[in-house]
Amino acid sequence: MPSARRMILGHVMSGLCTKMNRTKQLPADLMETPLNRCLNTFDITLLGIGHMVGAGIYVLTGTVAREMAGPAIVLSFILAGLVSLLAALCYAEFGTRVPKAGSAYVYTYVSIGEFWAFVIGWNIILEHMLGAASVARAWSGYVDSMLGNIVANITMEITGEMHEQLLAKYPDFLACFVCLSYAVALAAGVKATAMINSILTTVNVAVMALVVVLGFWYASPDNWSLPEQGFMPYGFGGVLAGAATCFYAFVGFDSIATSGEEAKNPSFSIPLATILSLCVVTVGYVLVSAALTLMIPYNEINPAAALPDAFGMRGITWAKYAISTGAICGMTTTLLGSLFALPRCLYAMASDGLLFSCFGKVNTKTQVPLLNLALSGICSALLALLFDLEKLVEFMSIGTLLAYTIVSASVIVLRYRPISVEETVHLAPDTPGTDEEDGGPALPGTTVGAAGGGIDSSSQSSTIDPSSPTSEMIEIALAGRLRPQFRWLEPVLGRCEPGVACSGAVLMFCVLSVAVCFQLENSWDELYNGTWWALGLYGFLLFCLVACVVVISAHHQNKRGLQFKVPFVPYIPALSIFCNIELMVHLSFLTWLRFFIWLSIGMLVYFLYGIHNSKEGELGTSYSMLMSTSEAIRGWGSTSTALGGGTKVTVTKIIKGRISRKTAGDRQAIVDDDDDEDS
């Protein structure tokens, strides 16, 4: 009996890793969706701008300039914008690959596996809940400061203060009401939401332009060179601390990727809207922060209401009302962006079976997941009621940075992963090499192997017309294989399946980046002073990091079919991974503790429900039943092995049975030699 239990346990554990690493198979028609595809590029761009330009510019700017960076807040916003741009490029490529709701969750599911996809999706849920709550809290605080703190005083008189370190000073009923009200407004449908967002974002951008023009008109260059303080009163460390905080201002661009399932032309709109909105917001933040610190000395800035007070000190009282209007509009669009993205992430995870099926239902009239929207509004309202802005912002950063890291890693993994045998490739009827199975000549640069032919890893595709179908097939088949100029790595990597070495190098790069960032945090003084062990350790770690990048870049990429491609892969995604990990290391221990508590709850949901109800598990069961028949074994046997290893497979073997003849006269089925022998 004990042996039977061990056998059962062994069977369960052996399948666990397979289930956790299974990837999402995309449907044949990526554009099919129950949601309403009605958003154009302009709508999506304004959605991204509106989600980013809110509490960051009207609340965060004053806090960072006064307490962290001084006039060097300009550099802080530039650094934060550059780090965000690295991640945005990766999001833009995935938006072209996978035009589905769910953002980083779907991207990770397609490229890395189910477990990490659930982790990212679970953190995105937290990110958008905290984002909505933090902006509602900032909205309430801004309105309250304009009214002379009447709301806060009345609330504390009625309820008293909450004497708890983890909670806010008092319950913010106004912020709670704002969250619930905007959730109800979003139920009208995505087109109405986009129209409201466009109007409010336009007002907000106009107010930002007014702030910049008036700020530079009343600017005094002496405010950037105060005695004994200068441009960087807190040093470069203050600039980095400000950049880590300013990063919060850019987290809204992933809502663009979330709208992929409601975009008319996602492969064009998502990349363009992502890059355009991030550039516009970065320029706006830099100009507004420069105007603010040039207009008044940084040590006289009021963190609670920086811009209105600055214009009040200059005697421009009418501008205070215009700025207050822009602030309300900006924070409203940011709140709408968070409450827009959160229900769609819940919908994507529930549609895949990883969350409860009730969250996968879409209202047929409004084409909006109403249950998800109601839950999102209630949870965000409760967070806004009980927690203050500082705790919400700090807790929100960790999930965002983790999502950016995984997306950047996924771009590298997919670029170097060979094409799966399930993908259909269309060739012209006269493509050279398609007659190989009938005894015709092989493709140029191929060698015959045990399975009937194969591609030599040293094949030169440069001799073939890049626009020809043959060239496309060779590029697809070479993906994940060593380049000819890196043959000296074959003794180490030659036995790896295509794409495996690159995936392992990405994993090692992430682990080594964590080690380097932790060492920089804990032993920077030793490195700065030139201590021998610190120099040796950092030298070794940096050598390993560079080696990982070299291993990745030594392989062929597959860039076919992408309307937008991240430039300089793997260098830009690798830099994005390192920068995100560096910012994560600087988060406080309490933030990490809260993160692991939230993650533990997610693990219970996944292992008790998601892993057993995954739609990919159902597909896997059907596939296993198909493979149990002798016909399936004969038809799929030659393609069940990867493109590499000990058995070489020709390009035509990879696509056997998938070639579509486009000429009108060629309507006969393609019959294999094996089928002829059987008959």
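1. In this note, Ala, Val, Leu, Ile, Met, Phe, Trp, Tyr, Cys and Pro count as nonpolar, Asp, Glu, Lys and Arg as charged, and the others, Gly among them, as polar. The structure is a predicted model, in which local features need pLDDT of at least 70 and side-chain atom pairs count only at pLDDT 80 or more, while totals for chains, interfaces and linings use all residues. Residues are numbered from 1 along each chain as its sequence is written, and side-chain values use heavy atoms, with hydrogens and water left out.

2. A cavity is a set of points, on a 1 Å grid over the protein atoms alone, where a 1.4 Å probe fits but cannot get out; its lining residues have an atom within 4 Å of a point. Grid points are joined across faces, edges and corners, and a volume is the space filled by probe spheres set on the points. Four cavities of 30 Å³ or more are counted by this rule.

3. The largest cavity has a volume of about 130 Å³. Its lining comprises 19 residues, and H51, Y248, V251, T334 and M396 lie nearest the centre. Two or more lining residues come from each of α2 (41-52), α3 (55-69), α6 (114-146) and α14 (317-351); here helices (H or I, at least four residues) are DSSP runs, numbered from the N terminus. With five residues, α6 gives the most. By class, the lining of the largest cavity holds nine nonpolar, nine polar and one charged residues.

4. The second largest cavity has a volume of about 60 Å³. L39, D43, I44, L47, V190, T193, A194, N197 and F340 line this cavity. The elements giving two or more of these residues are α2 and α9 (190-217), and α9 supplies the largest share, four residues. The lining of the second largest cavity divides into six nonpolar, two polar and one charged.

5. Helix α6 also contains S140. Leaving aside residues up to four places away in sequence, S140 touches D172, L174 and A175, where contact means heavy atoms within 4.5 Å. S140 and A152 are 12 residues apart in sequence, and their C-alpha atoms are 9.5 Å apart in space.

6. V569 and P570 are joined by a cis peptide bond, with omega of about 10°. F568 is in the loop between α21 and α22 as well. Although F568 is not a glycine, its phi is positive, about 55°. F568 is exposed (over 50% relative accessible area), with a relative accessibility of 62%.

Note on methods: 1 Å grid on protein atoms, 1.4 Å probe; cavity = no way out; pocket = protein on both sides within 12 Å on 5 of 7 lines; lining within 4 Å. Buried < 20%, exposed > 50% of the residue type's maximum accessible area, 1.4 Å probe, protein only.
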